[in-house]
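Subject: Structure handover and findings

Dear colleague,

I am passing on the structure we spoke about, together with an account of what came out of going through it. Please read the notes below with the structure open beside them.

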Amino acid sequence: MRTNHAEHIISTVESGSVGTRLTASWRRSLQKHGLDPSRDPGPRRFSDAEIAERRARLEGFMGLAAPKLDQLFQMVGNTGCSVLMTDRDGVVLDQRSKDADADIFKAWGLWTGADWSEEAEGTNGIGTCITEARALTIHRDEHFLSRNTVMSCMDAPIFGPDGELIAALDVSSCRADQTEAYARLIAGVVAQTAKQIETEAFRAAFPKARIIAAPEERPEGAVLLAVDQDDLIIGATRAARRAYGLGFGSQIAPRPASDILGRDDSASALERAERAALKRAIARAGGNLSAAARELGIGRATLYRRMNRLGLNDTGAN
């Protein structure tokens, strides 16, 4: 079985056909990374000190992700699945499995500290998900290494507040009878959980900003913008950066959110800003115009004139 699988991998790659994304990953594994599909040794494991160092780099993020991993495990743990989260290098930093399945997952290397990068293990759920930055399923004999064909892996990338890949979420099954249809069902839950973790991390990164969820739906994640008190965009999720051409990395060139999300052409930008400022002041003052004027540093008569000019007469103010 293992010999046949290895021969199939090699013959497919050497055929030179364009093939699919899967065969492209096999080609990377064989030709770029120089891996042997019949290799037996399991994944290498980093030392406890190295694992601790990697966890420390993502300490805040891991704390946010943990409850979501718990929820995911509650859904799939009784079906012979483990839940893992890796860093962007494919090193497992967090893992959950039933005690009855623990020995199997340990033997397979699906355990804390294991290196599941594509460079180390060839085509596999975690490593190929990270390499291609997309959600995917690697089902049994789709794996590059023959010894990994006993498992099915459903994975999704997690992107940080700067739009760059920060981690990968994996559910792996030890059930030999797991069907591809069931794997696809689990894959949908994995992708949704990854998006939830990404959203939580984004909100935590901009605690003082207003978070705007744009109406666009994109498969790679939530389209969220972090906007400061001056209506300037100071942060965006990966999906938002792609949707609005904001680029990647920690710095975003300041742009008014209204320019991106649409604006009312019936009034100038200054008029809209002034209107919003007056309405906020009146709301804070509970409709008391004298108090609102004091907050704005202007006289009551001036406030009335500005309200009339901007059509704010019907405010319920007193």
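Predicted model: local features only at pLDDT ≥ 70, side-chain atom pairs only at ≥ 80, totals over all residues.

Salt bridges

One of the salt bridges joins the side chains of arginine 28 and glutamate 132, with an N to O distance of 3.0 Å. Because arginine 28 belongs to helix α2 (residues 21-32) and glutamate 132 to helix α7 (residues 125-132), this pair ties together parts that lie 104 residues apart in sequence. The two residues also belong to a network of salt bridges that links Arg28, Glu118, Glu132 and Arg134.

A second salt bridge is formed between the side chains of aspartate 87 and arginine 54, at 2.6 Å from N to O. Here aspartate 87 lies in strand β1 (residues 81-87) and arginine 54 in helix α3 (residues 48-57), so the pair ties together parts that are 33 residues apart in sequence. Both partners count as buried, aspartate 87 with a relative accessibility of 6% and arginine 54 with one of 13%.

The salt bridge between the side chains of aspartate 48 and arginine 45, at 3.3 Å from N to O, has another setting. Aspartate 48 counts as exposed at 55% relative accessibility, while arginine 45 is partly exposed, its relative accessible area being 48%.

Cysteines

How many disulfides does the count come to? The count is zero, and the pair formed by cysteine 81 and cysteine 174 shows the reasoning, since the cysteine sulfur closest to that of cysteine 81 is the one in cysteine 174, at 7.3 Å, which is too far for a bond, the cut-off for a disulfide being 2.5 Å. Cysteine 174 is accordingly in no disulfide either, with the sulfur of cysteine 81 as its nearest cysteine sulfur. Cysteine 81 counts as buried at 0% relative accessibility, and cysteine 174 also counts as buried, at 15%.

Two serines

Is serine 172 buried or exposed? With a relative accessibility of 0%, serine 172 counts as buried, and its place is in strand β5 (residues 165-173). The side chain of serine 172 makes a polar contact of 2.8 Å with the side chain of aspartate 170.

Serine 11, by contrast, is partly exposed, with 43% relative accessible area, and lies in helix α1 (residues 2-14). The side chain of serine 11 reaches the backbone oxygen of histidine 8, at a distance of 3.0 Å.

The sheet β6-β7-β8

Three strands, in the order β6-β7-β8, form an open sheet with antiparallel pairing. The edges are taken by β6 (210-213) and β8 (233-236), each of which has a single partner strand, so that one side of each is left without a neighbour in the sheet. On average, and with direction ignored, neighbouring strands of this sheet are turned by 30° against each other. Strand β6 and strand β7 (residues 224-227) pair in the antiparallel sense over four bridges, and alanine 213 stands opposite leucine 224 in β7. Helix α8 (residues 180-205) lies across β6, β7 and β8, and runs at about 5° to β7.

Leucine 312

Lastly, leucine 312 lies in the segment after α13 (300-309) and counts as buried, with a relative accessibility of 4%. Leaving aside the neighbours within four places in sequence, leucine 312 is in contact with Arg275, Leu278, Lys279 and Met307. From leucine 22, leucine 312 is 290 residues away in sequence and 61 Å away in space, taken C-alpha to C-alpha.

With kind regards

How values were computed
Residues numbered from 1 in each chain as written. Heavy atoms only, no water. Buried < 20%, exposed > 50% of the residue type's maximum accessible area, 1.4 Å probe, protein only. Polar contact = N/O pair within 3.5 Å; in protein donor to acceptor, adjacent residues only side chain to side chain. Salt bridge = Lys/Arg side-chain N within 4 Å of Asp/Glu carboxyl O. Contact = heavy atoms within 4.5 Å. Pairing = 2+ DSSP bridges. Axes fitted to C-alpha atoms, helices over the stretch in contact; angles between N-to-C directions.
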